[in-house]
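Hi,

Here is the structure I promised to pass on. Have a look at it first, and my notes follow below.

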Amino acid sequence: MHKSNPLDTLIELTLNQAEQAERKLRLLTAERRNAQEQLSTLHVYRQDYAERLMKSTESGMSASNYHNFRQFIATLDEAISQQNRVVAHIDLKIEAGKKHWYAEKRRLSSFETLQARKKQQQRVVDNRNEQRANDEISANIFRRTGNLH
């Protein structure tokens with residue numbers, strides 16, 4: 001029966017936390033990509049409507065149509081501004097997520113290093129014990145064979 005080592009438990013928990021942090025970071029990255037795509041779409045709409053406004057003013061348009069175009073472009077500008085804030089907020093969350101993920105990876109690495117040291121120390125102890133046992137066996141054999149002669 002394999003007895004549970006507290007260090008193994010810590011490593012397993014830390015590994016789970018690191019994996020969870022990585023999943024969250026991937027989700028945030030996808031969220032950021034979607035927000036950036038929305039921002040790009042808004043920029044394309046704004047550019048399109050600005051070009052339409054220029055063409056319409058060159059060919060002549062009523063004051064109310066001009067006002068409607070300008071109002072819609074102002075609405076797009078506000079949406080762009082708001083979407084820029086969304087992207088910036090996600091960027092902050094991603095940066096915090098990266099820091100958390102790196103911290104968990106460092107913790108995991110520390111525990112794994114500690115575990116490797118403990119295993120190496122145990123190997124040294126086991127080797128010494130094995131050497132002592134071999135020495136004891138050799139000494140017993142020598143005594144037995146020495147007494148026979």
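A question to start with: does R46 count as buried, partly exposed or exposed, and at what relative accessibility? R46 counts as partly exposed because its relative accessibility is 26%; the cut-offs are under 20% relative accessible area for buried, over 50% for exposed and in between for partly exposed, with a 1.4 Å probe and protein chains only.

Before the rest, some housekeeping. This is a predicted model, in which local features need pLDDT of at least 70 and side-chain atom pairs count only at pLDDT 80 or more, while totals for chains, interfaces and linings use all residues. Residues are numbered from 1 along each chain as its sequence is written, and side-chain values use heavy atoms, with hydrogens and water left out.

Now the overall picture. The protein chain has two helices and zero strands (DSSP runs numbered from the N terminus: H or I of at least four residues for helices, E of at least two for strands). Its C-alpha atoms fill a box of roughly 125 × 25 × 20 Å along the principal axes. The radius of gyration is 35 Å, whereas a compact globule of 149 residues would come out near 15 Å; that radius is taken over C-alpha atoms, and the globule rule is 2.2 Å times the number of residues to the power 0.38.

Buried residues make up 17% of the 149 in the chain. The accessible surface is about 11700 Å², with 54% of it belonging to carbon and sulfur atoms (Shrake-Rupley method, 1.4 Å probe; for residues, only the protein chains shown count as cover). Take contacts, meaning heavy atoms within 4.5 Å, between residues at least 6 apart in sequence: 81% of them join residues at least 24 apart.

On charges, there are 25 positive and 19 negative side chains, and the centres of the two sets lie 5 Å apart. Lys and Arg count as positive, Asp and Glu as negative, and His and the chain ends are not counted; each charge is placed at NZ of Lys, CZ of Arg, CG of Asp or CD of Glu.

Back to R46, which sits in helix 1 (residues 6-59). Leaving out residues up to four places away in sequence, R46 touches I73, L76, D77 and I80.

Next, helix 2 (residues 63-148), where Q115 lies. Q115 counts as buried because its relative accessibility is 17%, and beyond its sequence neighbours up to four places away it touches L7, D8 and I11. F111 is in helix 2 too, and F111 counts as buried because its relative accessibility is 17%. Neighbours within four places aside, F111 is in contact with L7, L10, I11 and T14. The C-alpha atoms of F111 and T14 are separated by 8.6 Å, although the two residues are 97 apart along the chain.

R106, another helix 2 residue, counts as exposed because its relative accessibility is 54%. Its C-alpha atom is 9.4 Å from that of A18, which is 88 residues away along the chain.

Last, the aromatics. Rings of Phe, Tyr and Trp (its six-membered ring) pair if their centres lie within 6.5 Å; planes under 30 degrees apart count as stacked, over 60 as edge-to-face and the rest as tilted. The count comes to three aromatic pairs. One of them is W101 with Y102, tilted, at 5.2 Å centre to centre and 45 degrees between the planes. Y102 counts as partly exposed, at 44% relative accessibility. Y49, F69 and F72 form one aromatic cluster.

Cheers
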